[in-house]
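Hi everyone, thanks for coming. Let's take a friendly walk through one model together.

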Amino acid sequence: EYILWACIVGQIYTEVIQLRKLGWRNYATHFWNVLDMLIITLMFVAAGIRVYTIHLACDLPVELLEINCNRTRTLDPSLLNGNEDLYNTIEMYVGVAWLFYGYLGYLQTIKFISLTDSHNVLGPLQLAMKSMIEDLMQIMV
């Protein structure tokens, strides 16, 4: 998560520079710039959900948080003390945040693949890797 945030901070810096150079109208007409803005927006939504879940978790007993973070022990229902709804809400929001992180990974992968296609050295390497993976899949299946 922290590595993803470091990448997003660098991406925000790059996008701000591009926005200043191109102006809003020219910037918004390029597909990849729109994709970059979507990635940044999704990251902030995911971060907002994570901060909200941390705020909600402050109302839970410390023992419950330790069990949930470690996931090495089973959850003792007596620790919930009437906080079942709050616990389930937190679990739901954490799941939604991880879905957003999954979407971000998918969008970043699309962006990376498109960049390697256009690069004169990485493009042929990507094609070679694709053919090797296809060969491995044929052997495995």
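**Rings along a helix**

Let's start with phenylalanine 100 and tyrosine 103, which sit 3 residues apart in helix α5, so about one helical turn separates them. Helices here are DSSP runs of H or I, at least four residues long, numbered from the N terminus. A quick note: this is a predicted model, where local features need pLDDT of at least 70, side-chain atom pairs count only at pLDDT 80 or more, and totals for chains, interfaces and linings use all residues. Residues are numbered from 1 along each chain as its sequence is written, and side-chain values use heavy atoms, leaving out hydrogens and water.

How many aromatic pairs does the structure hold? There are 5. Rings of Phe, Tyr and Trp (its six-membered ring) pair if their centres lie within 6.5 Å; planes under 30 degrees apart are stacked, over 60 edge-to-face, and the rest tilted. One of the pairs is tyrosine 52 with tyrosine 93, edge-to-face at 5.2 Å centre to centre and 90 degrees between the planes. Tyrosine 52 belongs to helix α3 and tyrosine 93 to helix α5, so this pair ties together parts 41 residues apart in sequence.

Now for the inside. The largest nonpolar core has 12 residues, including Ile8, Leu35 and Phe100. Such a core is a set of buried Ala, Val, Leu, Ile, Met, Phe, Trp, Tyr and Cys residues joined through side-chain atoms within 4.5 Å, where buried means under 20% relative accessible area (1.4 Å probe, protein chains only). Helix α3 gives the most to this core, with 6 residues.

How values were computed: Buried means under 20% relative accessible area, exposed over 50%, partly exposed in between (1.4 Å probe, protein chains only). Helices (H or I, at least four residues) and strands (E, at least two) are DSSP runs, numbered from the N terminus.
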